[in-house]
Each structure stands twice: as structure tokens, then as C-alpha cells.
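Me: I am new to this structure and would like to go through it step by step. Please show it first.

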Amino acid sequence: MSGAETTVGPKNGGRWNATLPDSIFAKGSSGRRGLTFPAWDGDPVTSDLPADCRRGIPADMPSLGEPEVMRHFTALSNLNHHIERGMYPLGSCTMKYNPRLNEQVAGLSGLADLHPEQGPEDIQGLLAALKLLENSLCELTGFAACSLIPAAGAHGEYLGMLVIRAFHLARGDRDRDEILIPDSAHGTNPASVVIAGMKPRTIASRGDGRIDLDGLREAVGPSTAGIMITNPNTLGLFEMDIQEIAAIVHEAGGRLYMDGANMNALMGKARPGDMGFDVVHLNLHKTLSTPHGGGGPGAGPICVTEELARFLPGPWIVKVDSEQDGKNGGTYTLEKIPGRGSNSIHSYFGNVGVCLRALAYIMRCGGNGLTRATECAVLNANYLLARMKDFLEVDHSAGCLHEFVATGSGWKEKYGVRTLDIAKRLLDYGLHAPTIYFPLIVEEAMMIEPTETESRESLDSFVAVMEALHEEAKANPELMTSAPHVTPVGRMDEAQAARNPDLRWAGPCNCG
Amino acid sequence: MVTRNCWEVDPAMPYVPHTPQEIADMLDVIGKKSIDEFFADLPEDVRLKAPLDLPDGLTEEEVRRYFQTQARANQGQDVLTSFLGGGVYDSIIPAAIDPLVSRSEFLTAYTPYQPEVSQGTLQAIYEWQSFICRLTGLDVANASMYDGATALAEACSVALAAARKKTLVLPRTLNPRYRRVVATTMRGEGIKVLDAPMGAGGTTDPDELGRILNADVGCVVIQNPNYLGLVEPVDALSAKAADTGAIVVAVVNPVSLSVLKSPVEYGAQLAVGEAQPLGIPASWGGPLLGFMASVDKHKRRLPGRIVGRALDTRGNNGYVLTLQTREQHIRREKATSNICSNQALNALRATVYLSLLGAEGLAELGEANLIRAAALKRRLEGIEGVEFPFPGPVFNEMVLRLARPAAEFRAFARQRDVLAGILLDGFESCGQGDLLVSVTEKRTAADIEKLGRLLEEFLGESVEGTPEEKR
């Protein structure tokens, strides 16, 4: 078997030695407890909850002790790829290192234990920190005002669309309900437009994903509410004509929204506010190093121009003048200006704990460090591009910013190995796959973003793996088309999963 | 470009490993002379001409000290005795949760789009979905929503789409923060919103609901317990909704489902809520954890990610994101929602919490809340100047009507390290004297005694006017 293993599993690859544990629902034994509560220590009292309000059938739950629970979730954790295990070259996702300091400070008592109904008198330290973050994000993006409330990038897009819509309505411009979106955009863009009550209109981009100016001129008109642009675009290229685009859209009466998913390419180099944009969202879980957590929570604050600031939802953190000091027991207040609540998108103030993590990162880096992060992110992407273009097709004659898009169509033609196969085989080598089949305008797309936190050795080993895959594709394509081989599970039957969905544990508990 | 290259300014930036020599070597490989050349596509006009106006970077110790100072300038529920609720509660957080969710395997993993190397996250989400199905009695749950309010807004959209109707009924007893978020969403979708009035008992009157229902109504929302902490007449309300064929969406506190009727028992087709009490720090209201569940027939309309169990090519069980044709990255403008990033790590917190809790813990937790609510009521009954305007059954939260302004009592109690409750002035028939007070499993007899004494002291100072006049 050892011979087969050396063929199937790469020498330096990510051998897992981990298998899926049984479901938590199958574990344990009736009567076990992992959590108890303080007994009521007052005079005996009984609840007067009437029987007809009570639940008929109790929820069937597994019963486990704390050690079993710890082992179960630790066993689960061993099945995950993660940043501290190996590189995560996911294009557009900016999987940079997540500093532990961020976690430590956000979890401090005095921050994590604040109830959202506590008023300004109890939370002066928090309000000062959040205001500092708002101001820092405005400086980073070149805007006048910031809302930290959106809980994710898509939530920021939604708020941005609401703000643009409210702006037009406030001017009596009721018919401006069309948002232009290049066909290279991420799927959240058109979806956000629709739920904000507007209509997306797709405009064709050129081969490099950049916007076609003639097409844009034709598309704008009295119904144009705005345009959503990802810059750098989803091919990792800067929208060189951005000022011209801004002029065309502004002249037509629209406003410009920038999807800031790729802001890691621009920190300290250029600011959306200086390019003619009116709104930008930032993904704190991309650009500003907060963890992805297996899918969230992230945060998607938006920054806007002065003219749009009044459409941001409240409450607003306001620093009060010194003569008013003491009125509220501190120097920051929360203002709910009438009318501002109308764009309410969250129960409270969004993912505050995530915002604090991002502030810790900004303070640690400083303006210089953020700029360096961008510079080294771009350096790393260009280094990979230079080292891989000999064996991977990349249409980036002029280089790239923080990420680039390669195509696997050459390997597909020559060796019968698709991009999906390359992605899956990378998993065998202890690396995560790049973003694949996006953007949609590139065939067999592979979007690669190394981020600045990868060292040169790390990039070199990624290149070495890709070279090895190239040799494998020539010599033994079946090894790739049947990959992965050493991961805890093989390729999942996604079609079957969708046809006959099994979405919850339906069996009895404690049956293991 | 006048900006200096940063490594020349500050050679020690620990999250970026590159040394000046390595940078020079890498530029050689690429064939560029400087990093600036990479930014050649940026038009001169839009380039930043000066460095960012942000302070220089700090050491780890300096950043930590800043946050410690900020934290000390706050006072939270660790040092104050909290009776605050209204959707977020001061609950007990088991020690086992933090070490598990701070494992980098969970913390720093991406969305599980590559299932072969994400089985840990995927199985955990599947178990979370299973727990939510068991608590609500429904068939399908998604991976999470941002919070209870956004979960409700999206559930209303699902119900209206399924019913193919354009009118929504919200109870006046609904959490006002949820109402605002739903209003924003419905405005975008062009939905008409009708209000089901609050009856004298502080709950929704089924007959009043019946009067406003018509054939255009696609969805009726019931919050149980409602914003005032009261148990709604869920069976009667649901029966009225059924009369005109409207789909019921239940808003529930998952902790209450240990003892209160589950959504499936009164015919709700969707259930949503805020799962923060299941092991998640209040953190000034975020990150929270919205959940959503539905009966089987709506599964292809649900927003967000859903994990399914399936077989892999080797014939083994595994987990995978499924039913993705609902989602924005496939459907784009035809998607049922735009949600992409969710609250996965908080869903993991809740999954660990529920695993520790078990069947018996769940029952005990529910009773612990009920008993403390009963004890609070008994302690405060008979204090002159305290009334209970709504005598109906509650779970862990209730309205006090004070003979003096509740805002004054709130400030009085705060001076004595007690967070007394939420002011209700302006909510429905509530007035200046009304205070929403919550008691969780964390409150002790001494805490409740303290609140009782503070009320006695405050109201004993001078009772200005009767409760009736204060309304």
C-alpha cells in the first residue's frame, strides 16, 4: 500500500489522519449533563405558566458531558483547512492572517459584556473606539461619513443601495431606479439592488473586465440611479477610466457605488472618494484582517460623501462640544436624528465586536503598515504571476494588482484536466484551492490572491506545487480528475445532495 | 508619488514577513525596479499624493493598553446587575465555548466552499440546523442570519413569495427594532404592511386580527413571548391566519422553546429569532445570531447557506453546502436574498452550548427563567407605586408600571450598579412609568431582592401621583 500512497499522496502534502466523528446526536447517554445552572436560592416559588401555553412534546436533544463535547468539536476542527495550517489563495477573499491580538482585545470585559440597551453614560470607551474606527475608515477611503452597521459585505451593498435610493427620492427623483452593473460583478451586487427596490441593468465589460465607455454612455439616462463597480475589478485590474466613468454617471444624475472587496490593492495608494465614487463598502473580514469564522461574522461598513451622509441609519455617534461635557456623563452621545431610522437594517449597531477587531488591526499597522500591506499584497500577486505564467495561462500582460485570474482551459484541452480538478488536487498538497469559475467572463477561471502575509518561501512552495501538478496533468491526469485522495472525504455528490436533501439529524438521540 | 515605501519608514511590521532584501529579490524575479511600477494603471489624478493621515503603527502592548483603557471606561453586565433584555439577554456563557471557537481551525477557516477540507465547519452547521429544527419542531433550518430582525425580514419575504401575496400583518406587540428592519425590507419589495392591534392585556387580540385579515394577506407574524414578555394566544392567532390562508411566521426566543409551545405546534410554517442567549456575548448588540427554520415545502425559498449530508465518491458520509441554486452567487438578481457572509462562528457557539445543555439542561434552563420571573413578580407585588399593567403569563420578562417616571428609576438604579430595564414610553399604550424588566437564569435571589429594595427606596422617597396619571 505504501507504493500506492506515494503515488496518490504528495510527499509534503496535507495528510489528515482524521475521519468524521459520529453526529453529536448519536453520541452521549440519557442523563449526562455538560451544563448546569445555579439552583434558585430564594424562597420556593412556582411558575403560573398555564398548561395550554406549554410545549407538548419536549425537544429531543443529545445528552453529553463536557469532555465528550470538547472531543467532538475538537475532532470536527481537525477536518478543516484554515489560515494557520496553510495558504489560502482564494481570489477576492483576501485570506490574510488574522492577528490574535484582535481576538484578545474584542473579548475584554468592558467590551464583550455591554448590553445594547446601555446608554452613552456606560459606554464612553466603546463609543470613542467606534468613532475612531469610523474616522479611520473615512481617511482610508476618502469619504466624509461612515456607518459601521452593515454586518457583511452584502449588507453594506444593500445599505449603499438604500442610501442612493433615498437620496434620489429626497430630491423628488422617483423614477431613478436603475443600477448599472458590469457583467464581471459578484452575484451579491445584482441581488442587493433588487432587495433595495431597484432594478439591476447589466452592462458588458471588455475582455479585461473593464467597463466599456461607449456602452456606458448608451446605458445611462433619466432612470439611472447609479452604478456599482468593483475596483480593482474582479480580474484584479484597476478601472483606469474611473474619472471618465464618474463624469458620465454623475452627469446623467446617478451616483457611484464601489464594491470594496478588493480594497487590499489600494490602501494608501488611492481612495475611492478621490476617484469620483459616492459610496464604498469595506469587508473588514478581508481587508482589515478580522477572521472569516467559517463563513462569518464579518462586517461591511460603508463610507459615503457629505451629500449622502444624512441618509445613513442611526444612531450616530457624535462627539459633543466641551461646554456640553458632563450633560451625558461623557463626551460621546448617540443621536437619533428624525428620519434617519428609515434605513434601519439591523436590530442594533451591527457586528460591533468585529469592528473592534478591525480597529486593533488599523492601530497596530498604522497608516504606513496598511500601505505596506497593500504593497506587499500586490508584490506577492505579481511574484506568483511571474513565476507561474510559464505553465499556466494568464492574460495579464501588464501585470496585476493584488490578485490575478488564470485560466485552466489550456490544461483542459491538452490534458483533459479541468480547473475543478486542479483545485481539488491542490487540497491533497495541504493548500486551499483558489477561487474557481469566477469571474464568469473567464473560461475555467482560477482567481489567485496570495495576500501580503504569505512569505516568499510560502509563495515558492505554492509555485512548486503548481509545477508538480502540471507534471501530473501531463503524466497522470487521472490522479487529478479523481482528486482529492488524502482528504477526510472525497468529492461530494452535490447533485444527489440537492435532489434528496438530508438537512437535519432525524434519528433518535444518544443512539451511538 | 511622494509616498515613501513603508518598509523604509518602519522596518518592523509583524504581519508582513518581507525583508527589504526579499522585496528586492522578488522584484528582480518579476522584472520590475520598484513596487510603484505595479500601480502604473492608477491615473495620476487619483493617486494619493500624501501618506494616509493615520497615526503610525503601535506595538502590540500599546494597542492592548488602548483597548484596556477603553474597556475600563465602560461598565457592562460583568460589573453591573442587569435586568436588560428586549431581545438580548444576560445569559450564562459556559467556559467550554471560547476555547473551542477560538481554535484557528474554526476561527480562521473560510466559508466551506471546498467541502473536502471543510468537513468540520460543515458538520457543525448541519448539527446547528438539526438543533434549530428540534427546538422549533420544523423541518429545515439555514446556517444563520445576521440577527433576529434581519431573519424576520427575510422570513416575511419567503412567506409572501410562497403565498404570492403582497400584504403583511405585523403585530403591534412586535419588538420595535424588528419592526423597523422589516419596514425597510418591505419598502424595497413594495409590500403593504398592516398592523394587528394590541389588546388590553398586552397581547394581540385574535378577533382584532381576524377583522384586519383579508384574502390579500400572505403572511402574519406572531412574536412569542412578545416584546413585553407576554405569552401570546398563539393558537387563536394562528387559527385566524389559517382562516384566510395566510402563512404564520413565528418570532421566538430559543431559550423559551424549552417550555413554551413550539412554532410547529401552532401551525407556524416559518420560525425565526435571536439565538444570542445560547452562549453569545452581548457585545453591545453584535455580532448576534439570527436563525431561520421552515416547514419542508419552503426549503428551496430559504435565504442563506444550507448544509446537507450526502455521500462522497468513496461512498462515505460527508457534508456539503446544498440547494445553492437559491443563492445570489448562482441566481444573481433572481436570488431569494443577497446574504453571503453570515454568523457562522456564532452558530458554532450556539451549537456547542446546545450540545452541553442536553435534554435535561434545556428543561432546567426554561424552568430557571420561569421561576425567576415568578420570584421577581412576587417580590415586587405589594410595593406601593409598582403595578403590573399586563397580568398575563410571561417567560422571563415583564412590564412594571411605576408611579414615578421609569427614566428616573433607571438612573437611580444605575447609580447603585443596577441596570433596571428598558424604557417603554412611546411603545403602544405604554407611558413614562413603564419599564421592561428581564430576569434570566443568571439572576440570583439577592439580585432580585436588590431590585425590590431599590424600588422601595425610590418610590418611598415621594410618590408623585398615581400610576393612572403617569400613563
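Reply: One term is needed at the start: a residue is buried if 20 or more other C-beta atoms lie within 10 Å of its own, with C-beta atoms placed from the backbone. Note also that this is a predicted model.

Me: How many of the residues of strand S7 of chain B are buried?
Reply: Strand S7 of chain B covers residues 270-274 and is mostly covered. On one side, B:Leu270, B:Val272 and B:Glu274 point one way and are buried. B:Ala271 and B:Gly273 point the other way and are buried too. The number of buried residues in S7(B) is five of five.

Me: Which strand runs antiparallel to S7(B)?
Reply: Strand S6 of chain B, residues 247-252, runs parallel to S7(B) and is joined to it by three bridges; within that pairing, B:Val251 has B:Val272 as its bridge partner. Another strand is joined to S7(B) by five bridges, and these two run antiparallel. There, the bridge partner of B:Glu274 is B:Gly290. The antiparallel strand is S8 of chain B, residues 290-294.

Me: What percentage of the residues of chain B count as buried?
Reply: Chain B has 15 helices and 15 strands, and its C-alpha atoms fill a box of roughly 85 × 55 × 50 Å along the principal axes. Among its contacts with a separation of 6 or more, 74% are between residues 24 or more positions apart. Of the 471 residues of chain B, the buried part is 62%.

Me: How far apart are the centres of domain 1 and domain 2 of chain B?
Reply: The domain assignment of chain B gives domain 1 (1-67), domain 2 (97-353) and domain 3 (361-470). Taken as C-alpha centres, domain 1 of chain B and domain 2 of chain B are separated by 44 Å.

Me: Which helix of chain B gives the most to the side that touches chain A?
Reply: The contact takes 178 residues from chain B and 176 residues from chain A. The chain B side has 88 nonpolar, 54 polar and 36 charged residues. With 23 residues, the helix that gives the most to this side is H12 of chain B, residues 344-380.

Me: How many residues of domain 2 of chain A are in contact with domain 1 of chain A?
Reply: Chain A is divided into domain 1 (101-361) and domain 2 (369-490), whose C-alpha centres are 31 Å apart. Domain 1 of chain A puts 17 residues into the contact: seven nonpolar, eight polar and two charged. From domain 2 of chain A the number is 15.

Terms used:
Residues are numbered from 1 along each chain as its sequence is written. Chains are lettered from A and ligands numbered from 1 in the order in which they are written. This is a predicted model: local features need pLDDT of at least 70, side-chain atom pairs count only at pLDDT 80 or more; totals for chains, interfaces and linings use all residues. Domain bounds come from an automatic or database domain assignment. A residue is buried if 20 or more other C-beta atoms lie within 10 Å of its own, exposed if 12 or fewer, and partly exposed in between; C-beta atoms are placed from the backbone. Helices (H or I, at least four residues) and strands (E, at least two) are DSSP runs, numbered from the N terminus. Two strands pair if DSSP finds at least two bridges between them. Two residues are in contact if their C-beta atoms, placed from the backbone, lie within 7 Å. Ala, Val, Leu, Ile, Met, Phe, Trp, Tyr, Cys and Pro count as nonpolar, Asp, Glu, Lys and Arg as charged, and the others, Gly among them, as polar.
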